[in-house]
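Me: I would like to learn how to read a protein model. Can you take me through it feature by feature?

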Amino acid sequence: MKLAILYKEKNRKAEELYWKIKDYLSRSHKVVGKKEIKGSDFIITLGGDGTLIHLACEYAELGIPLVGINMGNLGFLTAAEFDDWRDAVDKLIDGKVFISERITLEANAEAKEYRAVNEAVIKSSFRVINLEIKVSGEDFLNVTGDGVIISTQTGSTAYSLSAGGSIVDSDLNCLIVTPINPIGLPIPSVVLSPVEKIEVNVVGGDDVSLVLDGQRHAKLSSDSRVVIRKGKDNVRFVYLDKKHFLKSLNEKFGLTNRASGK
């Protein structure tokens with residue numbers, strides 16, 4: 001088996017774990033880095049959700065499943081915690097894992113194309129902006145506020161959730177439209193079919209940006225048109241439990257421990 005192990009540079013703890021896993025595996029399996037990643041059976045990522053999302057986005061076209069070992073804070077998308085890395089690696093080698101395949105986003109703006117795993121956000125840094133949103137050519141929504149989030153089901157538990165969006169099952173491929181702090185009556189988050197094409201037109205506002213997965217920024221002009229649709233490539237996350245999404249949701253957000261109001 002050929003395994004790639006990737007981690008965020010200058011993260012000493014992740015680098016130390018990299019050498020531990022490499023030593024553990026190298027006697028019976030080929031372990032490679034970024035330069036030899038093509039053709040790997042799995043990519044093991046060492047870091048938090050941000051590291052996993054960044055690498056999934058970067059290597060989506062290769063179709064290689066990613067196994068996240070959490071070394072960050074929340075670790076909602078990762079498969080295992082730092083202390084459980086050996087158990088995770090053993091199950092991976094033994095084939096006792098489950099693969100969750102999710103869609104990505106493709107965003108076109110200013111004659112450039114971008115990819116995102118979680119979300120594409122159109123927003124202003126300081127001022128209210130006005131946006132017109134169409135879905136597959138039909139008028140859909142006008143937003144006056146801080147902006148709008150277009151997310152996948154993977155991104156439903158990220159920025160979209162903090163803005164009041166719905167939590168969506170990881171098995172449900174979809175596009176989620178969530179306005180950010182709209183002025184006036186509340187506008188609910190809307191879950192759409194992944195076959196839809198979402199067009200966001202900037203009709204008013206200054207210092208507007210397109211933000212991909214919270215990591216990449218692209219400046220937009222005051223009359224920009226951003227087209228967002230399901231990406232050509234899917235990403236594949238590896239988990240040790242078929243019910244990882246529900247268990248992680250409960251563990252990280254404490255749903256069963258919330259007060260009942262009685």
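Reply: Start with a definition. A salt bridge is a side-chain nitrogen of Lys or Arg within 4 Å of a carboxyl oxygen of Asp or Glu. Now the ground rules. This is a predicted model, where local features need pLDDT of at least 70, side-chain atom pairs count only at pLDDT 80 or more, and totals for chains, interfaces and linings use all residues. Residues are numbered from 1 along each chain as its sequence is written, and side-chain values use heavy atoms, with hydrogens and water left out.

Me: How many salt bridges does the structure hold?

Reply: The general idea first. Side chains of opposite charge can pair when their charged atoms come close. Here there are 13 salt bridges. Take Lys 232 and Glu 106: their closest N and O atoms are 3.1 Å apart. This pair links distant parts of the chain, 126 residues apart. Lys 232 lies in the loop between strand 18 and strand 19 (235-239), and Glu 106 in strand 7. Strands (E, at least two residues) and helices (H or I, at least four) are DSSP runs, numbered from the N terminus.

Me: Which other residue forms a salt bridge with Lys 232?

Reply: Glu 113 does, with closest N and O atoms 3.2 Å apart. Glu 113 sits in strand 8 (residues 112-116), 119 residues from Lys 232. Glu 106 also pairs with Arg 229, at 3.7 Å. Arg 229 belongs to strand 18 (residues 225-230). Together, Glu 106, Glu 113, Arg 229 and Lys 232 are linked in a network of salt bridges.

Me: Is Glu 106 buried or exposed?

Reply: Use the cut-offs. Buried means under 20% relative accessible area, exposed over 50%, partly exposed in between (1.4 Å probe, protein chains only). Glu 106 is buried, at 10%. Arg 229 is partly exposed, at 30%. Lys 232 is exposed, at 63%.

Me: What is the strand order in the open sheet of six strands?

Reply: Strands of a sheet pair through backbone hydrogen bonds, either parallel or antiparallel. Two strands count as paired if DSSP finds at least two bridges between them. The order here is 14-13-12-9-16-17, with antiparallel pairing. Strand 14 (190-192) and strand 17 (216-220) are the edges, each pairing on one side only. Strand 13 (residues 175-180) and strand 14 pair over three bridges. There, Leu 175 stands opposite Leu 192.

Me: Why is helix 2 called largely enclosed?

Reply: Seven of its ten residues (49-58) are buried, so helix 2 is largely enclosed by the rest of the structure. Among the buried ones are Leu 52, Ile 53 and Leu 55. Their cover includes strand 1 (2-7), strand 3 (42-47) and strand 4 (66-70).

Me: How many residues does the largest nonpolar core have?

Reply: A nonpolar core is a set of buried Ala, Val, Leu, Ile, Met, Phe, Trp, Tyr and Cys residues joined through side-chain atoms within 4.5 Å. The largest has 45 residues. Those with the most contacts inside it include Ile 21, Ile 43 and Phe 237. A second, separate core has 29 residues, including Leu 105 and Val 177.

Key:
Contact = heavy atoms within 4.5 Å.
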